[in-house]
Amino acid sequence: MNSKESCRNELRTAVLQLSDRCLYSASKWAAEQLVGIEHDPAKFTPSNTRFQRGSSSIRRRFRTNELTSTPVTGVSYVSTPVMEEDEAVNGDFYLLAKSYFDCREYRRAAHVLREQTGKKSVFLRCYALYLAGEKRKEEEMIELEGPLGKSYAVNRELVSLEREFSALHKNGMLDSFGLYLYGLVLKEKGNENLARTVLVNSVNNYPWNWSAWLELQALCSTIEILNSLNLNNHWMKEFFLASAYQELRMHNESLAKYEHLQGIFGFSNYIQAQIAKVQYSLREFEQVEVIFEELLRIDPFRVEDMDVYSNVLYTKECFSALSYLAHRVILTDKYRPETCCIIGNYYSLKGQHEKSVMYFKRALKLNKNYLSAWTLMGHEYVEMKNIPAAVDAYRRAVDISPRDYRAWYGLGQTYEMMCMPFYALHYFRKSVFLQPNDSRLWIAMAQCYETEQLHMVEEAIKCYKRAENCNDREAIALHQLAKLHKDLGRSDEAASYYEKDLERMKAEDREGPNMVEALMFLAQHYKAHNRFEESEVYCTRLLDYTGPERETAKSLLRGMRMDRSGFPSMDVEHFPP
């Protein structure tokens, strides 16, 4: 059996097993990867398509002692699914509980399974209790919300669940799904080390539960922690590492993993979306736009990840495209956090910041932990000069994800606006540590060093050099490097940077005061070093401008002619007025 067919059969089995345990997000992810596997052209015929419902090579049976191997394949469907050991007698109770669970009647589902001792029933009962606690926590957050939108509501089921899982774990009574839920509870309780160990056991025993991988990823805050995990070799590990590298800002490593996975999952929309998000972090906006346009063509009702696409359109100031995207997602699913975020970006681009904030708040009503909404709302408050609200929004963002460099950068900006450069510098350093390849962050830190309170010019120069090495798209770094070296009396270094700045402005067909400043300095610098021919070139270019720089250029040319001839030169009236 080739690797593609093996992956296909594994995922078919996993989709059913995950759905049967109400792990719908993981089931959806597995199904999307299943459809994303490229078919063998020789076998891809009308009678053998991925959507055919005839004979199948999977079976639903799944035993805990088979967890370390791949799902069983090669068995056709039968009219009645083969029940697992703990289903044989009490399967009717499980079906009733699952029906209640699907109707979001979590406590009712847990009550039905209160006397069932099978691993599958125990998992669903505990999962129902966990979600019942989460549901009540959300209700309390709304009821007890403080003046800054903060609430200290907790899931009241965690203590009893941790106690029960701990006893089951000691007795070896937890299967991989139970281990996943135990790890989730430990993570919520703050016991990260044990949570990592338990989740590693879960994914090693059953690698197809993507939700377990995501919880494990959330506990890998550094590359050292990631490398210390004792994970079995399986193709699902490649998906995990690609996602973990992406979260740790190891963009090239992440792209390499995703490109490798495309060898089997050539039609995976998930992989395409993740590649687009990595390219977005690398500020390759043209490539990101192409990928998302293709994704929308293939999957026109997709809302997931479209908020990232809206960020690209916002950055490129594509009014019509962003308006079309907002209209499209409203018709698809109006009350999704991503939809509200896209609409917020649209109103922000139009300069209607109050409306933008309203939609970001709506997104947060739907999902309190929606990171992008907190960060973008902070940006809007900065535009509205509401500094306290901006600081609160950014702090909420870093509480959710301490690795969100945009929120740290926003905090730096707000404290800079409050003329508190030491605080601003602290936050800029955090942002640049997380995103060292973003020139904007280095420039912000350099400008902070230049303030009167700090006046650390050498440190500012180092930052501007890093910005220039990071492909400074705004072309700020070169000009500032030239000015700082000029102010320090380092004329040769200043001339070098001014020349580079001129070359870039010429390549980008830009004019403006920076060009005049560079031409004036270079004309005077080369005259002072008796390099008259080069000075004349810059003086001649200055004659195309109006204002005092034109007269200065004439005076320099007159002086150079006198120096060359040894006697007063002709008047320079022959130069065009």
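At what angle do α19 and helix α20 (residues 387–400) pack, and how far apart are their axes? Here are a few notes on this predicted model, starting with that pair.

1. **The α19 and α20 pair.** The two helices pack at an angle of about 160°, and their axes are 8 Å apart. Since angles over 145 degrees count as roughly antiparallel, α19 and α20 are therefore roughly antiparallel to each other. The crossing in which α19 passes α20 is left-handed.

2. **Who touches whom there.** On the α19 side, the contact is made by Leu371, Trp374, Thr375, Met377, Gly378, His379, Tyr381 and Val382. Their partners in α20 are Ala389, Ala390, Ala393, Tyr394, Arg396, Ala397 and Ile400. By class, the contact of α19 with α20 divides into 11 nonpolar residues, three polar and one charged.

3. **The second largest pocket.** The space in the second largest pocket comes to about 860 Å³, and 27 residues line it. Nearest the centre of the pocket lie Tyr314, Thr315, His379, Tyr409 and Arg440. His379 also belongs to the α19 side of the contact with α20.

4. **Where the pocket lining comes from.** Two or more lining residues are given by each of these elements: α13 (269–281), α15 (306–315), α17 (337–349), α19 (371–383), α21 (405–417) and α23 (439–449).

5. **The α3 and α5 pair.** Helix α3 (residues 91–102) and helix α5 (residues 119–143) have axes that come within 11 Å and cross at roughly 20°. With angles under 35 degrees counting as roughly parallel, α3 and α5 are therefore roughly parallel to each other. Their crossing is left-handed. From α3, the residues Tyr94, Ala97, Lys98 and Phe101 meet Lys120, Ser121, Leu124, Tyr127, Ala128 and Leu131 of α5. The contact of α3 with α5 counts seven nonpolar residues, one polar and two charged.

6. **The α7 and α9 pair.** For helix α7 (residues 176–189) and helix α9 (residues 210–218), the axes come within 10 Å and cross at roughly 30°. α7 and α9 are therefore roughly parallel to each other, and α7 passes α9 in a left-handed crossing. In this contact, α7 supplies Tyr180, Leu184 and Lys187, while α9 supplies Ser211, Ala212, Glu215 and Ala218. The contact of α7 with α9 has four nonpolar residues, one polar and two charged.

7. **Two backbone angles to check.** Which residues other than glycine have a positive phi here? Arg104 has phi near 65°, a positive value in a residue other than glycine. Arg104 sits in the loop between α3 and α4 (106–112). Arg249 is not a glycine either, yet has a positive phi of about 65°. Arg249 lies in the loop between α11 (235–247) and α12 (251–261).

Notes
Residues are numbered from 1 along each chain as its sequence is written. This is a predicted model: local features need pLDDT of at least 70, side-chain atom pairs count only at pLDDT 80 or more; totals for chains, interfaces and linings use all residues. Side-chain values use heavy atoms; hydrogens and water are left out. On a 1 Å grid over the protein atoms alone, a cavity is a set of points where a 1.4 Å probe fits but cannot get out, and a pocket is an open set with protein on both sides within 12 Å along at least five of seven lines; lining residues have an atom within 4 Å of a point. Grid points are joined across faces, edges and corners, and a volume is the space filled by probe spheres set on the points. Helices (H or I, at least four residues) and strands (E, at least two) are DSSP runs, numbered from the N terminus. Axes are lines fitted to C-alpha atoms, for helices over the stretch in contact, and angles run from 0 to 180 degrees between N-to-C directions. Angles under 35 degrees count as roughly parallel, over 145 as roughly antiparallel, 65 to 115 as roughly perpendicular and the rest as oblique. A crossing is left-handed if the near helix is turned anticlockwise from the far one by less than a right angle, and right-handed if clockwise. Contact means heavy atoms within 4.5 Å. Ala, Val, Leu, Ile, Met, Phe, Trp, Tyr, Cys and Pro count as nonpolar, Asp, Glu, Lys and Arg as charged, and the others, Gly among them, as polar.
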